Amino acid sequence: MFIGFGSGPSGHPGMTSIKASGPYLLFGVGGAVSALLDFAECDRARLARDPAYDGRFFTGVRPTGVYCRPVCPVRPARSTNVGYYPSAAAAEAAGFRPCLRCRPETAPFCPAWNGSRTTVERALRLIDEGALDGEGCSVDALAERLGIGARHLARLFAKHVQASPSQVAKTIRVQRAKRLLDTTGLPVAEIALQAGFASLRRFNTVFAEVYGRPPTEIRRRGSNAKPGIPHISARVT
Ligand SMILES: [Zn+2]
């Protein structure tokens, strides 16, 4: 039996949540996470911090409102307080913020699903390459490149990724920006551009929505956490 929660964790107003139909948003109960994973298997992998599962699912932790990789170094939450998602975008769509310790944006790309895999994987790679960034880019055009209809693409994503192509594109843009914030000293405006955002303003809005704080604050934390990593100076002298 599935128990679905209709919304994400409390305390995050403005977050959208996916509709609680099907085996989504499962907390402390059995059920399918993806075509190849179920709750029990994810739970075992999370508690064992099994690196073989890294990138194959993400864990939403209800009391904290944060989502993690299976390898997160933070003490594991109780199984009754977690839910599992097949993609980072799905966890974000359910209202969870990325963990600042295990950094979901650095997880490898190895989703766990089968059936229609080729189309979904191709779509994800195209989105990763920027197929939905910038003007003139649309889900319709993406579907056309894949040789399928936009509605069919939407259905495939709902089933296997549990997030729409647009939600995935948003997550990927924020992830690109987060990696640049952590590993370079580039100005935030330049990062926004490189990550695929239409404007600095849009970047600041979306980033704050996903992380619950502005990019500058994340960069400070990142710098403090990794004092050994040299930052590239963008200032021309
Ligand atoms: Zn974590």
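First, some housekeeping. This is a predicted model, where local features need pLDDT of at least 70 and side-chain atom pairs count only at pLDDT 80 or more, while totals for chains, interfaces and linings use all residues. Residues are numbered from 1 along each chain as its sequence is written.

Start by selecting 150-160, helix H5 (helices are DSSP runs of H or I, at least four residues, numbered from the N terminus). Its buried residues are Leu 153, Leu 156, Phe 157 and His 160; buried here means 20 or more other C-beta atoms within 10 Å of the residue's own, with C-beta atoms placed from the backbone. Now show H3 (117-128), H4 (139-146) and H6, which are among what covers them. Just after H5, click Gln 162: its phi is positive, about 60°.

Next, pick Ala 90. Leaving out residues up to four places away in sequence, Ala 90 touches Tyr 85, Val 161, Gln 162 and Ala 163 (contact means C-beta atoms, placed from the backbone, within 7 Å).

Finally, select H6 (165-183) and H8 (200-211), whose axes come within 10 Å and cross at roughly 95° (axes are lines fitted to C-alpha atoms over the stretch in contact, with angles from 0 to 180 degrees between N-to-C directions). That makes H6 roughly perpendicular to H8, a label for 65 to 115 degrees. Highlight Lys 170, Val 174 and Ala 177 in H6, which meet Phe 203, Val 206, Phe 207 and Val 210 in H8.

Conventions. Helix = DSSP H or I, 4+ residues; strand = E, 2+ residues; numbered from the N terminus. Parallel < 35°, antiparallel > 145°, perpendicular 65-115°, else oblique. Contact = placed C-beta atoms within 7 Å. Buried ≥ 20, exposed ≤ 12 C-beta atoms within 10 Å, placed from the backbone.
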